[in-house]
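Biologist: Please take a single part of this model and go through it closely. I would like one connected account of what it touches and how its surroundings are arranged.

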Amino acid sequence: MGVQGLLKRLNKDFDENSLSREIIPRNSTLIVDGNGLLFHMMTSVVADLHGLTLDKQYGGNYTNFEELTRKEIFRMTKILGFNLVVYFDGDDSYLKGDTSAKRRKRMNEEWVALYYSTLGDTPTLQDNLPLPCFAKDQLVFTLKNLKVPIVYCQLEADQDIALA
């Protein structure tokens, strides 16, 4: 299950009195794909939930992104009661060749959308723009400040997450 599906499930099913809470008790370890978390955090849905704007069109609002990250991590760790561990991908692997090609195509489309948005002719949704250049660095910095354990994988994080 991806980060977006996981967090949607957690939002829907977890409160102090739910059956899910009995199945997955507080203080359970939640292992999350860092790149999936990054893309999830950069969606306008998450920003709107917390009343923040990320302004990807102008290179990103890193102050708001840090605040958004802090709020989401607080929700996962303090409110939902999980111990969070974040895994980041290493080098591109042959296992993700098709996925990597699709990501490169999407990134090219996002940069084209950014270009056209600067011309002012066409309004562009934030979710159709590329990630700000330092978004991953900001996420890692904030996770470290919050003392969230981070694991850097040699290749694709999915394999290491499955073994954890």
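Modeller: N35 touches Y87, F88, D89 and K136, leaving aside residues up to four places away in sequence; a touch, or contact, means heavy atoms within 4.5 Å. The model is predicted, so local features need pLDDT of at least 70 and side-chain atom pairs count only at pLDDT 80 or more, while totals for chains, interfaces and linings use all residues. Residues are numbered from 1 along each chain as its sequence is written, and side-chain values use heavy atoms, with hydrogens and water left out.

N35 itself sits in helix 3 (helices are DSSP runs of H or I with at least four residues, strands are runs of E with at least two, both numbered from the N terminus). N35 counts as buried because its relative accessible area is 15%; buried means under 20%, exposed over 50%, and partly exposed in between, using a 1.4 Å probe and protein chains only.

Helix 3 covers residues 34-41 and packs against helix 7 at an angle of about 110 degrees, the two axes being 10 Å apart. Axes are lines fitted to C-alpha atoms, for helices over the stretch in contact, and the angle between N-to-C directions runs from 0 to 180 degrees. Helix 3 is therefore roughly perpendicular to helix 7 (65 to 115 degrees; under 35 is roughly parallel, over 145 roughly antiparallel, the rest oblique). From helix 3 the contact uses G34, N35, L37 and L38, and from helix 7 it uses A135, K136 and L139.

On the helix 5 side, the contact is made by Y62, F65, E66, T69, R70 and I73; on the helix 7 side, by A135, Q138, L139, F141, T142, L143 and N145.

Q138 lies in helix 7, which spans residues 135-145. Q138 touches Y62, F65 and E66, again leaving aside residues up to four places away in sequence. With a relative accessible area of 15%, Q138 is buried. In helix 5, the buried residues are N64, F65, L68, T69, E72, I73, R75, M76 and T77.

Y62 and F134 form a tilted pair, 6.4 Å centre to centre with 55 degrees between the planes. Y62 is in helix 5 (residues 62-79) and F134 is in the loop between helix 6 (97-119) and helix 7, so the pair ties together parts that are 72 residues apart in sequence. Y62 is partly exposed at 23% relative accessible area, while F134 is exposed at 52%.

F88 and Y152 are stacked, 6.1 Å centre to centre with 20 degrees between the planes. F88 is in strand 2 (residues 83-88) and Y152 in strand 3 (residues 150-152), so this pair ties together parts 64 residues apart in sequence.

Methods: Rings of Phe, Tyr and Trp (its six-membered ring) pair if their centres lie within 6.5 Å; planes under 30 degrees apart count as stacked, over 60 as edge-to-face and the rest as tilted.
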